[in-house]
Amino acid sequence: MNALQDDTLTLYGESFSSRFLLGTALYSSPAVMEASIQAAGCDMVTLGLRRQNPAEGDGDAFWQILRDSGCRLLPNTAGCHSAREAITLAQMSREMFDTPWIKVEVIGDDYNLQPDPFGLLEACRTLIDQGFKVLPYCTDDLVLCQRLRDAGCQALMPWGAPIGTGRGLMNRYALETLRQRLDVPLIIDAGLGAPSQAAEAMEMGFDGVLLNTAVAKAHRPPLMAEAFAEAITAGRKAHLAGLMQQRQTASPSTPTVGQPFWHSGG
């Protein structure tokens, strides 16, 4: 029996069979992107509106692939530096794609692309009031995440590390605190570089992983997408199974010399 058969990710009342969300930027060609989406087995893909312009027919192959993928589109406000910019772009995306889903990014620092907590909270409050299903890209700051939840965000997307760095889970204490204190879905977004890092996030109890660069810039992106998908599934299974408690000292699986293992309970 598949342990994950009925284990779906629920966001804003909608269920998704995959816990892997994949970005659509930086691929060497539309064909490589398409193969990566298929290998990932994801239900949702993100796209940056500032980088594409479907109304003008830009990148027809790109848009056809997204339409044919069967994945839900998650437009994002990447490149915005103020709440007003993000709100305007979100409104445009709703008109363009006929979807209330939006990943909200408000960048506060151009060096490490760290989200602006003040602009992000302002944008999310406004968009929630306007009926959007908001997924905010945020840092691992507990108070900010609490404020975003209180504003009506039913899921949060804290970073593992700055976008595109591949450094993994840089602040495990903060991420563990978020998981312990917040009762909404948490999706690690940005900074992962290896499938093992995605598995670790899922083992910690996070609900999903969103990434782009780690797949798009791999030597073989479709194979890397498959590796991440398998790692996310493995990490989720490990979390559901329950990891053993760590110990300071060794604990032999057969503690009594000469005693058969089936008598030891090991």
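Angles under 35 degrees count as roughly parallel, over 145 as roughly antiparallel, 65 to 115 as roughly perpendicular, and the rest as oblique. This is a predicted model, where local features need pLDDT of at least 70 and side-chain atom pairs pLDDT 80 or more, while totals for chains, interfaces and linings use all residues. Residues are numbered from 1 along each chain as its sequence is written, and side-chain values use heavy atoms, leaving out hydrogens and water.

Let us start with a helix pair. Helices (H or I, at least four residues) and strands (E, at least two) are DSSP runs, numbered from the N terminus. Helix H1 (residues 30–40) packs with helix H9 (residues 221–241) at about 20 degrees, their axes 8 Å apart; H1 and H9 are therefore roughly parallel to each other. Axes here are lines fitted to C-alpha atoms, for helices over the stretch in contact, and angles run from 0 to 180 degrees between N-to-C directions. Contact means heavy atoms within 4.5 Å, and the residues that meet include Val32 and Ala35 in H1 and Pro221 and Pro222 in H9.

Next comes a strand pair. Strands pair if DSSP finds at least two bridges between them, and E6 (residues 101–104) joins E7 (residues 133–138) in the parallel sense over four bridges. Trp101 has Lys133 in E7 as its bridge partner.

Finally, Gly166 sits in the loop between strand E8 (157–158) and helix H6 (172–181).

| Gly166 feature | Value |
|---|---|
| Relative accessible area of Gly166 | 29% |
| C-alpha to C-alpha, Gly166 to Thr213 | 8.1 Å |
| Sequence separation, Gly166 to Thr213 | 47 residues |

Note on methods
Buried < 20%, exposed > 50% of the residue type's maximum accessible area, 1.4 Å probe, protein only.
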